[in-house]
Amino acid sequence: MRLRRDFWTFSALAREAWKTLIDARSIFYVLPLVAVLAGITGGVLALDASVNLDHQLVVADRAGANVLTVRAANQRDKVQISRHSCEALASSPDIDAAGLALPLRDAYVPQFGRTVPVIGASASLLPQLQSADAVVGSALTKGGAPSRLTIPGAGNALTSVRGAPQPDAIGTNSAIVLPLSVRTQSASTCFVIINPLRNATRAAAVVVAELDAVGGPVIAQPASVPTFDPVSGFKARQDQFLPVVLGAIGGLISAALIATQGSAWAAYRLSGTSRRSLATIFTLLCAVPGGLYALTGVAFTAVVMMVVHSPGAVALEMLAGGCAWTAIGAAASLFVVARQPTNLAKDR
Amino acid sequence: MYVKVTDGSLRFAERTVFHGIHAQFVSGEVSAIVGPSGSGKSSLLACIAGELELSTGTLEIATGSSTEPPDPTNVAWVPQGSNALGPRSAMDNVMIGPLAEGSDPSTAAQLARDALHRVGLSSVAHQRARTLSGGELQRLAFARALSTNRPIILADEPSASLDAKNTHALADLLAALRPTGIVIVATHDPILIESASRVLDLRRA
């Protein structure tokens, strides 16, 4: 038996597939709609995973998981860490803030009507100190900070701002923080806040190497060691494959719709259309919604790019999902291609 | 041009579909292949189309002084029932034949218009196929076959779902198609058998 060939041009086949897809009365019209919905779903899932990660990071941050406390390795040593070397860490990559934080005294503050702890801290550790004379710990006030503070020994009309919540390990949330005196040139402890997306334990060796300390060796330890690493969990999460799974399901839906239209495909085959050309139409019938799916997912991710972690990776996952839609849909339709046209003609 | 079957037989595993067939189908005639269900009418059409191969015997297509084996590209099929792209227009349905032959869209449209005119469907050319009646769909299938300009038209039970009036109209259409080439109809419809120029009865073969 001879292998049948035809003379369809690719543009004509593409036009046939396009007309089949965009006709509102065609059963295939549902595919672009499903593709857009699935694309949005894929984007929403990525957004949800990022929001979950952010929440877990906030919890871990508050517990001090990304705070390294650098102090003497041996408690008997009287170690002094250079303020300059500690504050200089703040400009290192992967480090959000670094500096000294020393308890100064407890002082009666009239604006609060009670005695509160006063801490001196580096502006490199608490950047809000660059714009105000004092930072009121976030736990001291629920609303805004008093515009002026009176702190005995420090001043009567200090400008103040309410501090952003800091990791508990630094101890500034329940205190009033003043800029550290220029006379303070060293301390026994240096606080380093690592980027939440980085592993604090792994950064410890680098931090220790950068510090200038006298009086003995120093050690950098996380203020709290979490039992669960949110970033590793995010990277290993199984739902990152959901865009591909959604694409595969889309491909199977496409193939199922194709299989229900045997009578229509018979019209092509009995008019001289070869198996290869029919397979091309089927591939296009899957590729268009697959592409639309990927495009919608990528567009959604672009819109929420500032919120989604690793938007590039999410875009790649969506593209992989689009490819899965096309490949699985086309492959699952091959049995229709393989059928004898006279048998296809009997489908109703 | 003619199709010649010499001592043709077809077997599927242990089952013999037909055997000892001698027949000749000639250009300019409408030939009817008749016989009860299961007698091999559709299978013989599939052999002529090159979709199936005879188990024994020969099947040749003679063009001028040369003969060649069956070639699907010589054949236009009109299947049992009414296969059509329902949501698409009658024009679109007919155009797929010429497009498969490599015609550009405007040429294909002209061929489709001509074919629709020949089967009397010009007035519904832009109507969706799913809105056509059974008889119109059957004529649409013939228009699709005609639009390819293939020399052999095979029709498998084309009147299966038609009433008497539409079957008579179909018989008239088949008669009009005689100059087109070789027209072979597998049927057990007495109206179509009566209108055929030549009848091959598989029960007697």
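I count a residue as buried if 20 or more other C-beta atoms lie within 10 Å of its own, as exposed if 12 or fewer do, and as partly exposed in between, with C-beta atoms placed from the backbone. The model is predicted, so I note that local features need pLDDT of at least 70 and side-chain atom pairs pLDDT 80 or more, whereas totals for chains, interfaces and linings use all residues. Residues are numbered from 1 along each chain as its sequence is written, with chains lettered from A and ligands numbered from 1 in the order in which they are written.

**Chain A, helix 8**

I took helices (H or I, at least four residues) and strands (E, at least two) as DSSP runs, numbered from the N terminus. Helix 8 of chain A covers residues 275–303. Of its 29 residues, 21 are buried, so helix 8 of chain A is largely enclosed by the rest of the structure. From first to last C-alpha this helix reaches 42 Å, close to the 42 Å expected at 1.5 Å a residue (the expected span is 1.5 Å times one less than the number of residues).

**Chain B, overall**

I found 6 helices and 9 strands in chain B. Its radius of gyration is 17 Å, close to the 17 Å of the globule rule for 205 residues, so chain B is as compact as a globular protein of that length (the radius is taken over C-alpha atoms, and the rule is 2.2 Å times the number of residues to the power 0.38). Buried residues make up 51% of the 205 residues in chain B.

**Chain B, sheet**

I then looked up an open sheet of 4 strands in chain B, ordered 2-1-4-5 with antiparallel pairing (strands pair if DSSP finds at least two bridges between them). Strand 2 (15–26) and strand 5 (66–68) stand at the edges with a single partner strand each, so one side of each lacks a neighbour in the sheet. Strand 4 (residues 56–63) of chain B is joined to strand 5 of chain B by 3 bridges. I recorded B:Glu68 in strand 5 as the bridge partner of B:Ile61.

**Chain B, helices 2 and 3**

I fitted axes as lines to C-alpha atoms, for helices over the stretch in contact, with angles from 0 to 180 degrees between N-to-C directions. Contact requires C-beta atoms, placed from the backbone, within 7 Å. The axes of helix 2 (residues 90–100) and helix 3 (residues 105–118) of chain B come within 8 Å and cross at roughly 115 degrees. Among the residues that meet here are B:Met91 and B:Val94 in helix 2 and B:Leu111 and B:Ala112 in helix 3.

Methods. Contact = placed C-beta atoms within 7 Å.
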